[in-house]
Each structure stands twice: as structure tokens, then as C-alpha cells.
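Let's go through this one with a few quick questions and answers. Here is the structure to look at while you read.

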Number of protein chains: 4
Amino acid sequence: MRVTVWNEFVHERRDEEVRKIYPQGIHAVLGDFLQKEGFSVRFALLEQPEHGLTEEVLAQTDVLIWWGHIAHQEVEDEVAERVTRRILSGMGFIALHASQKAKVFKRLMGTSCGLKWREAGEKERLWVVEPGHPICQGLPEHFELEQEEMYGEPFEIPPPESVVFLSWFPGGEVFRSGCTFTRGAGKIFYFQPGHETYPTYYHPVVQKVICNAVRWAAPSGGPAPTYGNHNPLERI
Amino acid sequence: MRVTVWNEFVHERRDEEVRKIYPQGIHAVLGDFLQKEGFSVRFALLEQPEHGLTEEVLAQTDVLIWWGHIAHQEVEDEVAERVTRRILSGMGFIALHASQKAKVFKRLMGTSCGLKWREAGEKERLWVVEPGHPICQGLPEHFELEQEEMYGEPFEIPPPESVVFLSWFPGGEVFRSGCTFTRGAGKIFYFQPGHETYPTYYHPVVQKVICNAVRWAAPSGGPAPTYGNHNPLERI
Amino acid sequence: MRVTVWNEFVHERRDEEVRKIYPQGIHAVLGDFLQKEGFSVRFALLEQPEHGLTEEVLAQTDVLIWWGHIAHQEVEDEVAERVTRRILSGMGFIALHASQKAKVFKRLMGTSCGLKWREAGEKERLWVVEPGHPICQGLPEHFELEQEEMYGEPFEIPPPESVVFLSWFPGGEVFRSGCTFTRGAGKIFYFQPGHETYPTYYHPVVQKVICNAVRWAAPSGGPAPTYGNHNPLERI
Amino acid sequence: MRVTVWNEFVHERRDEEVRKIYPQGIHAVLGDFLQKEGFSVRFALLEQPEHGLTEEVLAQTDVLIWWGHIAHQEVEDEVAERVTRRILSGMGFIALHASQKAKVFKRLMGTSCGLKWREAGEKERLWVVEPGHPICQGLPEHFELEQEEMYGEPFEIPPPESVVFLSWFPGGEVFRSGCTFTRGAGKIFYFQPGHETYPTYYHPVVQKVICNAVRWAAPSGGPAPTYGNHNPLERI
């Protein structure tokens, strides 16, 4: 299983508070636990040519993980389009936290992906609501993050195929924090935790969720559809 | 639009606290605002012959509203089966509060309909998560009930076709408190609020939700399917 | 109920065969039966300024019907974007036939909307598979069009919320020919019949489907969501 | 992966035509290719005590495959209930062909599972409509069975979570021939081919589908939900 971790890698270099938590970048921490799980990991960054997402890299990627936040607009349309096409043809895609506003994710959803948010270091409690989903392997019935950014409903996404997690926040908000979608042959997972000022990706249950999601989102190996003008009518 | 309101009508006669809130029974309060909305309303009670749900009554019912709690087991299997058949053939069905454990609802879901609960007079906040759903006509983005019984996830139901409301409770729980399902030609809405010791059904937004749900659940007037041995093969 | 019928209106003026069937344009035939049903109808055409779809027109439209085929690329991006935003905020949208490749529809779906096709004047048989759906009001269990363009699976769309119709074609193909989606507060119906060289929109059952779909797709009147930075944390 | 194959095993002993195709029973052919795939297989038959489905056997079963047709009524209610509970707690379930009318499947669906049928030795063509689904691994875009029993829509099931296959029959019928459902923690796959008078289960693509479905339906290892009275309110 070949995983590419994409990171805009801006906060970690600009902001002391974030650098203390993720000195090598969020992608490095993600890559670390993915490698320990046995996945083959490569990184791609906004600053690289074509943001590190050439046709070649994508062709060798089974699942792409995406972390973006303040630099969505700096992603070139052509690259976003290329990634989208590759997902439709079967590559898995895991969008983390603020990546619900990334060009690729919005393009796949067709909606604004708007939501409510609040940065107040609140506790988040995530409830498993589809215990039979492969993403829930080995999870407890619920788990907590001591501090997270609040993301609250309404969340303008298409009705998910599975709502795996529902989150609770102390201020009175709820959120569909783990959602799956199929687009073309590609499987997509949106997972809400991961604000850059909290050590979320060191949390063992969060790591387990992401590893499970990688296995779930892997290409199915199903047929490549052909479209267009079909054989002349021949009664079968 | 012909609505039948079914009530087990046990708490209101047995328990002083409940009688103060619903002196004529929960069904009377439900019937009252439904009639004001212009629906034709009739009542059916557990204590009546065939629980008031004869073939004749069901044939004249467009939408059946159900409130049951401690007397689910007293509903005769034959009547539960008759109601289920009528729903499959197009009658709408609205299951309120603890009716998630009613024979008819469990029979339609195929699951245990288990959930977590707590009677502590807590505030409940309901968020609209599908603003385009007809059940949300005229609702605010969220609304609150000062006191309700907590119902919490996991809720063992089939994945709903629409999750219209998500609820927040102060103790850290969340709940899919408004869910729609289709079974056969019948439309089904589960709506969680309505514990007998709180005046929930006097709340204007709760009333609006139930009226909207009645309109949404009305029979579609679609074709009555025919099953079984089909015409001999004749190439068309 | 205010319906706007949009037509690219190209085939009918360019192609003698099509003009014989739709001398005033496909939109005129659509508008005719919609008006007889009691809807308030206005037209918008590709050739008009802003393709007839100004903010003003859209603000006064409850449901937009779209017929496009060979001129999808001539629709300005800005207008497509405007229509999309209006759908997300609650306007209904009915995409007919080849409009599965229209900019607005593809933008909402997030997929290629690819499919197989064949122009061979074949019979199409449409089966109702969700008889309880409001779009099926008054329909027979199945109905036939003597001649249609074949559209066949695979059809690259997101999993529909309801598959209302499934179609059969004599050459061995099947197709999800009536599909519903929700995007934001907008309800969307894709309906496959309507190739320009056949008199499909004169067929009484086809007309019934479209009228039913207009009623179903009407704005719900639900709350307008607000997004962004939420109230400071205040334990409720 | 431990698979139990259940067969009513009636036709194969009673009917010469069927015995020629499945001399050791349908279960033997199913078990044969499943073992070659590396699964651990055991059999259970209607004629055995408790139909071979004791608590012990079910506890040691990851995925249960079911083939029944004319003896559905002979399955004891208690055993059907036990199997259902085990599915809700995570065991996978694959219902083949006429097993859509088996007690367990109907109990899980909550509908009549009615459909149209015709025994005329017709060709069936199955189209893959969700190429990204794990059940489609290694499949062609469509495949054909030279002779099958026609099963046609409408098929009274709850809206499936995925419609993996759609079938075409020469008499003008279509059918959702591969459907997935989640009930509790259990994953369920209905697969339509397999009439006893045709050698369907020797077909290599059919075998591939069933092997894929076993892998997909395996228990997720997610949390076992707890229901009932929840901790006293404690603001978190």
C-alpha cells in the first residue's frame, strides 16, 4: 500500500506555537505512524514543483492524505484537476480537518463545505455511530481530544454514504466528524480532527482511525469503465 | 389528509406528574395542533379492540403517528403485522420518542433500535442538518427543549435515508434525533423528543416538525407493485 | 410555483428533423404542459444576455429545468457558478437527458457524468423502483418510449439518494434513468429521456414525471444556514 | 476467515435435473471454491439439529452464506432469531438467489422482499455500477450467465447502501442483482444469481464475486455498543 501525504506546510514554519508541536511538519508525524503501520509513505508539499503531485507520483499512489488550511488558493487549478481525475479513477483520498475547503475536496463534493468553527481549545468527544465500518476496527465506543477546534453543523456536504463519527463540543455544537463518500471508483474519507495548534496527530486513536481509513480507501481493483458511443445495436 | 394518532395512554392515567402535563392524554395534545393545522384527525388507543387499528381504520389513514413506551409488549402481534403491511403499501408512519422500541418500528427497521438514555431533565439542542428537507419548512437553524430525556448514540438503526436533526445533550452525548426511512411505498419518520414527564408536545417548533412530517409522509400515489410469476418471456 | 425552463435551443433551428418535432423549441413544449398543470413558467435561452439567467430571474425561480446537449461549452462559467450557488441555497433543479454533461450538473455532482450511448431509435422501458417517491404519483409500474437514445451503465455519478427509475434497452443495457440528489438546500432530479430527434416530451407519462418532479424539487422553506466563526464558547 | 455455508439441500436430492448439476449439493460447490481461495469453510444444513447453526457454530463464523428456496418455512423461528442477532453483532451475511425470502433476510430488511420472476432459461447480463466497491475486484465491466431465472423489479427492499450490480433480461426486465446493507455491526450482501437448475455457481466470475463479498463482509472489529441507562449526568 503506497500512501502519499500532502501538506501545505505553512503554519509549521511561520508560527512558533505550531512548530513546537510539529517541528518537522504535520506530514512528518503522519508519515511516521503510517510507516510504523507498514505502509509505504512518500511526501508531497505545496512548495514543490506541481506541489509534488505529478502524474507519475499520483500513478504510484494508492491513497492520498491531504492537510491544507490557509493556502488552499495557492494550489494550482491544473494540479487540483489532476488529483480529482486520479481519485475518480480509483485512488483513495483522505481529507483532514480544514481540507474540507481544499480545491480537490470542494470539487468532489460540489458544495461549499461551509461549517461553523471556533478556536477555543475545547474538548471534543467523538462517538462511533457505525461500529461495523472498517474504519472503526479496534476503536472504543467513543474517544476524546482534550483540545480541538470546534467544527459545528450545519456542514454543507452531500449526504455522506456513511457517517462513521459524530462529535460533541461543550458549547452546544455537534458535527459529522467522520464521513465517507464514493466518487467514480475513488473512496473518500473526511476526518475532522487536526487543528495545527493541538497535538491531535500524536493521539493513538486518531492514528488508528487514519491507518484504518487508508486500508479502507485503497483502490478496489474493479473494472475501468468505458464511456461514449457504444457498439451498434445487436440484440443479445 | 387523514391522520390517526395512536397512544398507549398508560402513563397519563397512572402517574400524577404526567397527568398534570397531559390531562387528556398525549394523543389529545397531538390531535389538537394537528387539527388546527387542518388535518383530519382520529385517535386509536391500546385499550380499544384491536388497539383501534382495524383494517377499516388503517384503510382510511394516510399517516399514522405512534406514541408508546412501557406497553410495547401489550400490542398484539397480529395488529403490529397489519400496521406494518399497511405502511409497506404506502401509509406514512411517524414514530415518536420511545416508539423506537415499538413492535411496528423494530419490525420495519430489522435491528434492535437500542440506544443510551438518561432521565435527568437535561436541556436538548436540536440542529437542522438537512435544511432542504421538507420536514424543515419554517424551522430555525437550531432549537432547544429546556428538559428532555437524553437519548444517545450509538443508536442501532439502519443507516437513515436522511438525518434531518442531530441533537446535543450537556452530558456529552449526541443523537440522530430526526431520521427518515422508506420501506416499500411507505415513508417513515423517527422523531426523538417527547418524554412523558416534560411538556414537549406543547413546544411550537416540535409541533411544526410533526405537522411538516405528516405532509412529507403522505402516500405518494405511486403504482401498487405486483410481485410473483411474470408474463412468459416475450422479447419486446 | 415559479418554473424557469432553460434550453440551449440549437438543434431545433439547425436541424430540419428536430424542427419538425419541436418547431418552437423543446422549451416551448415543456412550458406548455407545465402551464397546463398550473405552474407559472418563464423561459431562458443560451442566446440571451447572461443566458437569460440573471440574479433577478434566479431569485424568482423555484425550480429550474435544464435542456442542453451540444452547446454546454458555450455556457459562461460565471453563469454556471451563479446557478449552482442558487441551487445550493434552495432552488430545485431538473436536468434532462444530455444535461448530465452540463456545466452546472457536473459541477454539482463532482464526477465526469460519463455513460454509454447509442443513437439507434430503440425502445426504452422505464421501471418504477421507488413507488413511494413523490415523483411516481399517478405512474404505471413501467412505461415505454417507442424510440429513445440508449444511455447505458456505468454512469459516473455519486450514489443517488433515490433511484426512482431503472431503464431497459433491447441491446442489453440498463440505466439509472431517474435519480435524485440533495446539494446544500437544493433538490436535484436527473431524468434521462428526451433525445431531440424523438417526440419524447409529448409523451403523457414523461410529462407527468416532470410535473411531479417540479413539485418535489420546490424549495423546502427550511432555515438558511450560517457558516463561519461561531459565538464564543458559552457553556449552555 | 471462517465461512459457514448453509444450504436447505432439498432440490438436489429430490430433483434429478438439479442433482446432475450439484450431485453433492449446492453447498459443496460453494465450499469448494471458497476453500481454494483460502477460506476456512464449514457447512450447515436444514436437516441438522438446530439446522447446524448452534450458538457455538455462529460464534466461530465470520461470514455466513445462505442458500434457501422451497423450505424457508421449515427454518425454526428461534434459529432465525439467533442468526439475526449474530449478524447485528458483526457476522457477515451473504444471501444468495431465492434467499431474499428467507426468514433471516426478510427479518433484517423489514419488507416483503417481493419481486417478479420467470423460469425460462434466459440469458442474464450483469453490469457493474459501483466499480470502486471491494466486491468488484477483478471483475469485467459486465458479465453474462447463459441461463438464469429472471428476477425483475420492483424488488421490495429498503434502499440499498450500494447497488453494485444491475441486471438485464431479454424479456424487458431489470433488477438490482447485487446490493449491500448494514444492520447493526453486520454487513449484508444480496446476490441474485443461482437458480438450482443452472450451473451458475461453477461460473468463474460468480465465484469471484462471492469470494470478494466474503472478504468485504468480514467483521470490522469495531466496538461492541452498549445500550441502556447511561451514566448519571456529569458535565464533561
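Q: What is the bridge partner of Trp67(C) in β4(C)?
A: This is a predicted model, where local features need pLDDT of at least 70, side-chain atom pairs count only at pLDDT 80 or more, and totals for chains, interfaces and linings use all residues. Residues count from 1 along each chain as its sequence is written, and chains are lettered from A, with ligands numbered from 1, in the order in which they are written. Strand β3 (residues 63–67) of chain C pairs with β4(C) in the parallel sense over five bridges (strands are DSSP E runs of at least two residues, helices H or I runs of at least four, numbered from the N terminus; pairing takes at least two DSSP bridges). In β4(C), the partner of Trp67(C) is Leu96(C).

Q: How many residues of strand β4 (residues 92–96) of chain C are buried?
A: In a regular strand, side chains alternate between the two faces of the sheet. Here Gly92(C), Ile94(C) and Leu96(C) on one side and Phe93(C) and Ala95(C) on the other are all buried (20 or more other C-beta atoms within 10 Å of a residue's own, with C-beta atoms placed from the backbone). So the strand is mostly covered, and the buried count is five of five.

Methods
A residue is buried if 20 or more other C-beta atoms lie within 10 Å of its own, exposed if 12 or fewer, and partly exposed in between; C-beta atoms are placed from the backbone.
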